[in-house]
Amino acid sequence: MARQRLTGAAAEAEVMRALAHSRTCIESTLAPFERRSAFQVWFSTLRGIEELINLPGELRGEPLHEEIVGFSLLDKGGMRQGLPSIKTGLESRFSRLVAQRLMRTLIQLHAIAASFATHQLPAAREMATVGTAINYLQSRRRHLLALLHTIPGVCRGSQRLHELDGLNQFLYLIETAGLGATSMHHNLMLAQVYPDFALDVDEVGVVASHSFNGLDSLYLEPERTAITEMADVDFTGVKSVPVNRRLIFSKAELENNLAFIAAAYAEFNLHETSFGQLAAFIRSLLPLVADEYFVRLTAKRLDELCSEQKLPDALRRALVVEGADYVNNTSTYAPFTCVGCDLVTSITLLSRFAYHWKNVCLNRVRRYQIRSGFIFEKSVKASLRAQGFDVTEIKRIGRAEFDVVATLDGVIYNVQCKNNLVDLNRIEADVRRFVRYNGFLDKAYRNALEKERGREHVLLRELGLTAIKNFVVSRFPVATQNPRILAYGEITRFRAVAVAA
């Protein structure tokens with residue numbers, strides 16, 4: 001099949017066809033499996049993956065860290081020679097069960113890396129070493145979770161999944177169909193944003209003329225103010241529970257996370273919102289945690305605990321995954337999945353949901369909206385300094401106010417920082433609404449740049465320079481053709497983009 005370029009309605013039709021194909025592939029692949037065993041094996045596999053992703057943080061500064069992250073997954077001889085040493089190191093540092101799970105994950109990664117290489121998948125390059133595989137797994141986290149939430153509603157057969165076959169069975173599906181499903185939703189949005197959008201189609205696959213990245217450098221969704229940006233908070237008074245160093249995840253860690261979130265955002269009275277009720281609800285689940293990780297309870301018991309903590313209806317509804325649509329499940333933060341008569345979650349999913357609900361609560365607080373803008377400006381300044389810019393202290397000249405003004409090699413870089421909230425889930429849920437809001441922001445940001453061009457003389461005169469460039473850095477990504485509008489998730493590229501502009 002010769003390469004064919006599709007535009008307009010033909011491109012959108014191809015997107016819909018590819019999207020339907022991906023959904024069918026996901027459902028037909030999962031259908032033969034028995035739901036309970038498939039869910040259990042994949043949940044256990046996911047636990048091992050999450051522990052591996054967090055391993056570098058646990059081993060920071062220890063010799064075992066370098067030995068593991070540099071370990072080759074494609075060298076069979078090296079695998080046989082190096083694994084015994086890693087096994088010994090893990091058993092010395094962690095509990096027996098943690099070490100077993102990590103070793104099991106490494107063995108599965110070796111097998112899937114070889115499979116990817118055999119099938120010549122581009123992802124094979126990302127599986128060269130354990131270090132690169134960790135980055136790869138982190139980039140696929142939403143898909144790994146989406147599969148977990150989808151399995152109970154789609155698996156309806158009798159085929160049982162072996163404990164060591166989780167990655168072999170499902171990671172290839174994620175790579176070939178799961179990513180395609182979400183990328184096609186992005187393409188559907190981009191086709192409505194860009195008049196010149198096109199698809200190049202051949203027997204290998206589909207390549208779009210434009211792309212959209214909604215995640216930051218750590219593959220996390222953007223938020224107005226991350227907990228790491230709350231630098232002025234004094235955490236010394238926070239009462240924390242001792243954590244077992246031989247575990248990577250534990251009930252104690254979850255309890256501490258709740259305390260640190262509450263302390264970090266205490267100035268916005270976070271605990272007086274429904275987050276306070278959620279924190280109490282999660283703490284009521286701690287006695288139910290099995291093996292320091294899993295939580296399983298009946299729908300009736302969940303409802304009782306929700307009532308005891310007086311959780312509002314919106315929060316109750318947000319706790320449980322609603323359906324078995326894979327694409328929708330890539331966007332859910334709901335911690336509980338319904339498996340038969342039980343609801344199942346983990347301490348990592350509960351912690352993730354708590355952090356998400358913190359944003360839901362704070363985004364309605366006016367003081368937080370204002371303060372987060374100033375914190376955002378500080379983060380942009382810090383990043384520019386790290387890239388070699390000289391950041392000035394200019395905030396106002398006469399009646400003109402500025403967000404971030406920096407210089408580099410005799411050029412002024414005037415940066416407007418925009419903290420407008422964007423719900424990225426609408427790309428899948430309501431693409432037309434997302435496109436309308438995206439267009440509104442794109443126009444607003446272009447107008448902001450035009451306004452800055454009209455007062456360039458103020459900064460040129462103040463700093464005694466002759467060249468100036470204006471930019472908008474948006475906390476949340478916007479699909480735009482304007483090279484002067486940059487998402488904060490790409491802030492580390494600012495110097496390269498700014499100098500070339």
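Colleague: Where is the place of asparagine 419?

Modeller: Helices (H or I, at least four residues) and strands (E, at least two) are DSSP runs, numbered from the N terminus. Asparagine 419 lies in the loop between strand E11 (411-418) and helix H16 (426-429). This is a predicted model: local features need pLDDT of at least 70, side-chain atom pairs count only at pLDDT 80 or more, and totals for chains, interfaces and linings use all residues. Residues are numbered from 1 along each chain as its sequence is written, and side-chain values use heavy atoms, with hydrogens and water left out.

Colleague: Why does asparagine 419 count as buried?

Modeller: Buried means under 20% relative accessible area, exposed over 50%, partly exposed in between (1.4 Å probe, protein chains only). Asparagine 419 counts as buried because its relative accessibility is 12%.

Colleague: With which residues is asparagine 419 in contact, leaving aside its neighbours within four places in sequence?

Modeller: Contact means heavy atoms within 4.5 Å. On that basis the partners of asparagine 419 are Arg224, Gln369, Ser372, Gly373, Phe376, Arg475 and Phe476. Arginine 475 is 56 residues away in sequence, yet 5.1 Å away in space, C-alpha to C-alpha.

Colleague: What span does helix H9 reach?

Modeller: The expected span of a helix is 1.5 Å times one less than its number of residues. Helix H9 (residues 251-264), with 14 residues, reaches 20 Å from its first C-alpha to its last, close to the expected 20 Å. Its buried residues, among them Leu254 and Ile261, pack against helix H10 (274-285) and helix H14 (347-362).
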